[in-house]
Amino acid sequence: MGRYDFRPLRVYQTASQLYASERIKNVPSWHEVVGTVPPAQTLVRTQPLQHQERPRRSNVRKPSKLFQPQRVTYEEDSLRKEFFGDHPWELARPRVVLENDGKDAERKDWSLVSQPDRPIDGESVIQRQMFLLHGNPEKGQRPDPKMTPARAYDQARKEFYEMRLQQDIERRVAKEEAMATGAYFGKSTLQIGMELEDKIFEEWKAWASAEVIQQEQRRAAMYTGVDNETAALPEGEQEMEAALGEVDSTVPAQGQEARGGAAFVP
């Protein structure tokens with residue numbers, strides 16, 4: 001049949017010829033439907049538009065990032081980078097990232113940095129700054145034409161600090177009221193951290209003292225001519241070694257006859 005098989009397209013004509021020549025007794029159930037609505041006659045799939053390859057120069061470097069997707073950036077990204085760069089410990093606070101459809105922040109009234117059903121965090125400062133810069137056109141709230149990113153950042157940051165201070169005061173007052181009624185609180189994270197730091201410091205102090213003593217002994221042995229093994233001996237044995245070193249030259253070696261001199265008794 002060659003490259004293409006046209007038999008599926010001629011199934012209706014083949015069935016009609018077989019029925020006319022009485023080679024089949026009954027026509028198939030699909031015969032009438034295919035005759036009324038024949039299949040499409042397109043055999044070649046439409047080819048998509050191909051990229052035209054430009055002639056390359058031998059001295060031009062092949063681009064390595066030609067087919068990489070473009071970097072998607074938003075205005076909030078630069079604001080987040082600035083805020084969390086100035087406040088890195090805000091990233092350590094626990095956050096709830098669960099949202100209904102990803103547009104929960106758009107339904108808030110960011111004319112205030114605090115929201116009744118949302119804990120205040122760094123993202124509140126970002127959304128507040130965006131509101132000061134662009135307003136809310138859907139609600140007819142227009143921004144101040146003299147507002148700049150720096151001024152918006154300072155204003156949103158100031159409101160954020162006031163809310164954080166208010167929360168700290170509320171927690172402190174609640175703790176004092178609980179302690180007044182007999183409640184007992186364990187050590188804070190700051191106290192636990194200070195105790196661990198003091199423990200490590202004392203261990204390091206003992207190690208450093210031992211190292212200083214050893215270095216002083218090595219330095220003293222270097223200037224007095226006493227080797228390291230002698231320096232490590234107790235004080236009494238060190239004196240004995242020093243005395244033996246003084247009379248070592250007057251004591252005859254083994255197999256030699258003593259000629260004069262006083263006997264040495266250690």
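# A tour of the helices and their salt bridges

Begin by selecting Asn136, which sits in the loop between helix 4 and helix 5. The model on display is a predicted one. Is Asn136 buried or exposed? Its relative accessibility of 15% places Asn136 in the buried class, because buried means under 20% relative accessible area. Next, show the surroundings of this residue. Once neighbours within four places in sequence are set aside, Asn136 has contacts with Phe131 and Gln141.

**The whole chain**

The chain contains 8 helices and 0 strands, and its pattern along the sequence reads α-α-α-α-α-α-α-α. Of its 266 residues, 15% are buried. Taking the contacts between residues at least 6 apart in sequence, 43% connect residues at least 24 apart.

**Helix 4 against helix 5**

Select helix 4 (residues 122-134) together with helix 5 (residues 149-180). The two axes approach within 9 Å, with a crossing angle of roughly 135 degrees. Helix 4 is therefore oblique to helix 5. The handedness of this crossing is right-handed.

Side chains may now be displayed for the residues in contact. On helix 4, these are Val125, Arg128, Gln129, Leu132 and Leu133. On helix 5, their partners are Pro149, Ala152, Tyr153, Gln155, Ala156, Arg157, Glu159 and Phe160. Sorted by class, the contact of helix 4 with helix 5 comprises 8 nonpolar, 2 polar and 3 charged residues.

**Helix 3 against helix 4**

For the contact itself, select Glu75, Glu76, Leu79, Arg80, Phe83 and Phe84 on helix 3. The helix 4 side consists of Gly122, Glu123, Val125, Ile126, Gln127, Gln129, Met130, Leu133 and His134. By class, the contact of helix 3 with helix 4 has 7 nonpolar, 4 polar and 4 charged residues.

**A salt-bridge network**

Asp77, Arg80 and Glu123 are joined in a network of salt bridges. Side chains of opposite charge can pair when their charged atoms come close.

Which residue forms a salt bridge with Asp77? The partner is Arg80, with the closest N and O atoms 3.4 Å apart.

Arg80 then leads across to the neighbouring helix. The side chain of Arg80 meets that of Glu123 in a salt bridge, at 2.8 Å from N to O. This pair connects distant parts of the chain, with Arg80 in helix 3 and Glu123 in helix 4, 43 residues apart. How accessible is Glu123, and is this residue buried or exposed? Glu123 has a relative accessible area of 10% and is buried.

**A pair within helix 5**

Move along to helix 5 and select Asp168 and Arg171. These residues form a salt bridge whose closest N and O atoms are 2.2 Å apart. Within helix 5 they are 3 residues apart, about one turn of the helix. Asp168, with 30% relative accessibility, is partly exposed, and Arg171, with a relative accessible area of 46%, is partly exposed as well. To complete the survey, search the entire model for such pairs: the count is 10 salt bridges.

**Last stop: Glu22**

Finally, select Glu22, located in the loop between helix 1 (11-20) and helix 2 (31-36). Inspect the backbone torsion phi at this position. Phi of Glu22 is near 60 degrees, a positive value in a residue that is not glycine. Most residues other than glycine have a negative phi. With a relative accessibility of 70%, Glu22 is exposed, because the exposed class begins over 50%.

Note on methods: Residues are numbered from 1 along each chain as its sequence is written. This is a predicted model: local features need pLDDT of at least 70, side-chain atom pairs count only at pLDDT 80 or more; totals for chains, interfaces and linings use all residues. Side-chain values use heavy atoms; hydrogens and water are left out. A salt bridge is a side-chain nitrogen of Lys or Arg within 4 Å of a carboxyl oxygen of Asp or Glu. Helices (H or I, at least four residues) and strands (E, at least two) are DSSP runs, numbered from the N terminus. Buried means under 20% relative accessible area, exposed over 50%, partly exposed in between (1.4 Å probe, protein chains only). Axes are lines fitted to C-alpha atoms, for helices over the stretch in contact, and angles run from 0 to 180 degrees between N-to-C directions. Angles under 35 degrees count as roughly parallel, over 145 as roughly antiparallel, 65 to 115 as roughly perpendicular and the rest as oblique. A crossing is left-handed if the near helix is turned anticlockwise from the far one by less than a right angle, and right-handed if clockwise. Contact means heavy atoms within 4.5 Å. Ala, Val, Leu, Ile, Met, Phe, Trp, Tyr, Cys and Pro count as nonpolar, Asp, Glu, Lys and Arg as charged, and the others, Gly among them, as polar.
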